[in-house]
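The following exercises concern the reading of a protein model.

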Amino acid sequence: MAASRNISVSEASRPVLPRHAKLKFDETRQRWVILAPERVLAPDEIAVEVLQLCDGVRSVGQIVDQLAEKYAAERGAIATDVVAMLQDLADKGFLTEAREKTS
Amino acid sequence: MSPTLTDAHQAASDPSDGLAVLEQRGSTAETFGIPLAVLAELTHRCPLQCPYCSNPIELDRGGSELTTEEWKKVLAELAEIGVLQIHFSGGEPTARKDLVELVQHASDVGLYSNLITSAVLLTREKLSALADAGLCHVQISFQGNEPVVADRVAGLKNAHARKLEVAKWVRELDMPLTVNAVMHRQNLHQLPDIIQMAVDLDADRLEVANVQYYGWALKNRAALMPTMQQIEETSRLVEQAQARLKGVLAIDYVVPDYYALRPKKCMGGWGRQFFNISPAGKILPCHAAETITGLEFLSVRSNHSIAWIWQNSEAFNRYRGTGWMPEPCQSCAFKEVDFGGCRCQAFALTGDAGNTDPACTLSPMHEQIFRMAETEAAGNNSRFIYRNFSGGTLETGGEHGA
């Protein structure tokens, strides 16, 4: 389990939300939320789009490529923002990395 | 593009780190949507006898508890009106034989479930069944870092060893773990070891919660009240550990408000963002609210909906917002910051829940209370009055704990 701690997000990371962090659309408040232990986080539209791409298969680099293409935006700026947001989530313990299959 | 996350529970955060606070977003004292999270006290029964228990002195008997079907109906209603998280608490929630069924039902209706437990009644099999039912997070209370102090405070032999075992199972089952450590004069010296214990248990989060003094804790204040030196040392230790363990262990810190200059924003303000449901089904603004006499709290067994009780009942509206406030609160610049502090504490210490919380330096009672705390902390009364259904039992030495 200790491997899930102290994640350093880079473009090579393949992040995924752990079981205890649930991305969900809140019908009552009409907004996306992340449900986490005794906390509710409210990601904005772009954070939601990033998190929906975090499937443990795509790398952060691939996610950035996809967003840069979609928004015809400068890749470097997007990479900085995406890594910062994911690192923030990781520091709070609400992001994990896909584990290598060693079997 | 600048993706941000907003935290709905934190009182404050630095916008420069990409986080803001949902609760402050367009929120004023007069607006109150349905809470994001609700505390369900399934039972007041508990194998532990902690002298600072947050349950009322008048405990609900087993026979008055809501039935399985009643709780299931409540859970469905909560999800329907927009509650997102349920905290199963008590007493000891695992004393309910239907806990797995209730967790499963919470999952079925879309609620995120937290279990707040003393852990001593859990088997690995039971914990595994709870995980399968969709339990999302487990919080275990610890009374110390080793059995001599911990079992004595809990008033139960072998409690500490069992907690350690259950905590390991929680992580083996890949559920996030919070260690809740309630701190007071007789265990604050163990704080560094408690922090290390939480790291060793691979906990995600540690709550260092100084005792809040109402109900059972008020009865035991002389035996529990820390000294000012202890509090200063504690704050220093927590700050150091928070910096050292960033990304490894999150540490939440609750200071004892007797030693604060301003009162805590209790429950985020009365009836603003939280309610709990007592074992017998009463909807309460906080778990200690029944200590305030003269307020009538409505039950889920009444013919009102939960949303109606939250929005319209007299008890919720009595101290909601800022309109009820007397001076010095009414003209205070901080009235929408702390909402006048804690109503239960104001009632317990001044006899009127509508007074300024004496934890505030602006309260005319503050000096007197602070001096009393210092005197009690310096005294040598360390015997506990243990929590039970008969109004408490004085510690006799040797028979409790290890």
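**Exercise 1: Hairpins in chain A**

In this predicted model, strand β2 (residues 22–26) of chain A pairs with strand β3 (residues 31–36) of chain A through five bridges in the antiparallel sense.

*Solution.* 
Step 1. Four residues lie between the strands in the hairpin of β2(A) and β3(A), where A:Gln30 takes a positive phi near 55 degrees.
Step 2. β3(A) is also joined by three bridges to strand β4 (residues 39–43) of chain A, and these two run antiparallel. Here A:Ile34 has A:Leu41 as its bridge partner in β4(A).
Step 3. The hairpin of β3(A) and β4(A) has two residues between the strands, and A:Glu38 takes a positive phi near 55 degrees.

**Exercise 2: The sheet of chain B**

State the order of the nine strands in the open sheet of chain B, and find its edge strands.

*Solution.* 
Step 1. The order is β9-β8-β7-β6-β5-β4-β3-β10-β11 (chain B), with mixed pairing.
Step 2. β9 (250–254) and β11 (283–284) of chain B are the edge strands, since each pairs on one side only.
Step 3. At the β11(B) edge, strand β10 (residues 275–277) of chain B is joined to β11(B) by two bridges, and the two run antiparallel. B:Asn276 stands opposite B:Leu284 in β11(B).
Step 4. Helix α5 (residues 159–172) of chain B packs on the sheet and touches β6 (137–142) and β7 (177–183) of chain B. The direction of α5 makes about 160 degrees with that of β6(B).

**Exercise 3: Core and overall form**

Determine which residues have the most contacts inside the largest nonpolar core, and judge whether the radius of gyration of chain B agrees with that of a compact globule.

*Solution.* 
Step 1. The largest nonpolar core has 137 residues; among those with the most contacts inside it are B:Val38, B:Phe88 and B:Ile283. Helix α3 (residues 75–91) of chain A gives the most to this core, with six residues.
Step 2. Leaving aside residues up to four places away in sequence, B:Val38 touches B:Leu78, B:Val83, B:Ile86, B:Phe275, B:Asn276 and B:Ile277.
Step 3. In soluble globular proteins, nonpolar side chains tend to be buried together.
Step 4. Of the 402 residues of chain B, 50% count as buried.
Step 5. Because a compact globule with 402 residues would have a radius of gyration near 21 Å, the 20 Å of chain B agrees.

Notes. Residues are numbered from 1 along each chain as its sequence is written. Chains are lettered from A and ligands numbered from 1 in the order in which they are written. This is a predicted model: local features need pLDDT of at least 70, side-chain atom pairs count only at pLDDT 80 or more; totals for chains, interfaces and linings use all residues. Two strands pair if DSSP finds at least two bridges between them. Two residues are in contact if their C-beta atoms, placed from the backbone, lie within 7 Å. Axes are lines fitted to C-alpha atoms, for helices over the stretch in contact, and angles run from 0 to 180 degrees between N-to-C directions. A nonpolar core is a set of buried Ala, Val, Leu, Ile, Met, Phe, Trp, Tyr and Cys residues joined through C-beta atoms within 7 Å. A residue is buried if 20 or more other C-beta atoms lie within 10 Å of its own, exposed if 12 or fewer, and partly exposed in between; C-beta atoms are placed from the backbone. The radius of gyration is taken over C-alpha atoms; the globule rule is 2.2 Å times the number of residues to the power 0.38.
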